[in-house]
Amino acid sequence: MEKIRVMIENKQKAVKIPTGLRMLVRRCCNAVLRMEHFDSSAEISVTFVDNEQIHQLNKQYRDKDMPTDVLSFPMGENGVYDVDHTTGAKILGDIVISMEKATEQAERYGHSLEREVGYLTAHSMLHLLGYDHEDGGIQRVRMREKEEQVMAELGLPSSSSYVLDDDE
């Protein structure tokens, strides 16, 4: 496998980042790329924010005036990505995770914060690779299957009580 660089930045103070969470995020990014047979070097940026910060981004970029759990900003289109000319890596894009929302959802679904952040990372990685669930239907189901496959591979138990929100 090629070199995968995951840059992680914590821009929030609302939730203490548990030991090992950054490593989990990296493992999650790698697992999705392996599953998708992505055979190039890649760069991904992951930022932890609070609800207020993600609310602003959601309003600015998606015209949705509310906080959300995760936002994906893909840099590629149809499998074509910008390349970091110093490393030759394809720049996949940015993932922004609300640690406050992740904590709320972990509690609601009865699983660990690690599992929730892992799930949100896998979900976002699929978006960075071109998956979309806006139309619902088969692509949404396929994304969910892939997300659960990554969670299983990383040893993060799935939660049978997980529901799909229509407003995601």
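Tutor: Start with Gly-130, which sits in the loop between helix H4 (113–128) and H5. Keep in mind that this is a predicted model.

Student: Is Gly-130 buried or exposed?

Tutor: Use the cut-off: exposed means over 50% relative accessible area. Gly-130 has 56% relative accessibility, so it counts as exposed.

Student: How far apart are Gly-130 and Leu-92 in sequence and in space?

Tutor: In sequence, 38 residues separate Gly-130 from Leu-92. In space, the two are 9.8 Å apart, C-alpha to C-alpha.

Student: Now the helices. How do I read a packed pair?

Tutor: Two packed helices are described by the angle between their axes and by the distance between those axes. Here, take helix H1 (residues 21–35) and helix H5 (residues 137–153). They pack at an angle of about 120°, and their axes are 10 Å apart. That angle makes H1 oblique to H5.

Student: Which hand does the crossing of H1 and H5 have?

Tutor: H1 passes H5 in a right-handed crossing.

Student: Which residues make the contact?

Tutor: From H1 come Cys-28, Ala-31, Val-32, Arg-34 and Met-35. From H5 come Lys-146, Gln-149, Val-150, Met-151 and Glu-153. Sorted by class, the contact of H1 with H5 has 6 nonpolar, 1 polar and 3 charged residues.

Student: Let us turn to rings. How many aromatic pairs does the whole structure have?

Tutor: A search of the whole structure finds 2 aromatic pairs. One of them joins Phe-38 and Tyr-81. Their rings are 5.9 Å apart, centre to centre, with 75° between the planes. Planes over 60 degrees apart count as edge-to-face, and this pair is edge-to-face.

Student: What does the pair of Phe-38 and Tyr-81 tie together?

Tutor: Phe-38 lies in the loop between H1 and strand E2 (42–49). Tyr-81 lies in the loop between strand E3 (70–74) and strand E4 (82–84). The pair therefore ties together parts that are 43 residues apart in sequence.

Student: Are Phe-38 and Tyr-81 buried or exposed?

Tutor: Buried means under 20% relative accessible area. Phe-38 has 13% relative accessibility, so it counts as buried. Tyr-81 has 12%, so it counts as buried too.

Student: What about the rings of Tyr-61 and Phe-73?

Tutor: Their centres are 5.1 Å apart and their planes are at 70°, so the pair is edge-to-face. The pair links distant parts of the chain, with Tyr-61 in helix H2 (residues 51–62) and Phe-73 in strand E3, 12 residues apart. Phe-73 has 21% relative accessibility, so it counts as partly exposed.

Note on methods: Residues numbered from 1 in each chain as written. Predicted model: local features only at pLDDT ≥ 70, side-chain atom pairs only at ≥ 80, totals over all residues. Heavy atoms only, no water. Axes fitted to C-alpha atoms, helices over the stretch in contact; angles between N-to-C directions. Helix = DSSP H or I, 4+ residues; strand = E, 2+ residues; numbered from the N terminus. Parallel < 35°, antiparallel > 145°, perpendicular 65-115°, else oblique. Left-handed = near helix turned anticlockwise from the far one by under 90°. Contact = heavy atoms within 4.5 Å. Nonpolar A, V, L, I, M, F, W, Y, C, P; charged D, E, K, R; others polar. Phe/Tyr/Trp six-rings, centres within 6.5 Å; stacked < 30°, edge-to-face > 60°. Buried < 20%, exposed > 50% of the residue type's maximum accessible area, 1.4 Å probe, protein only.
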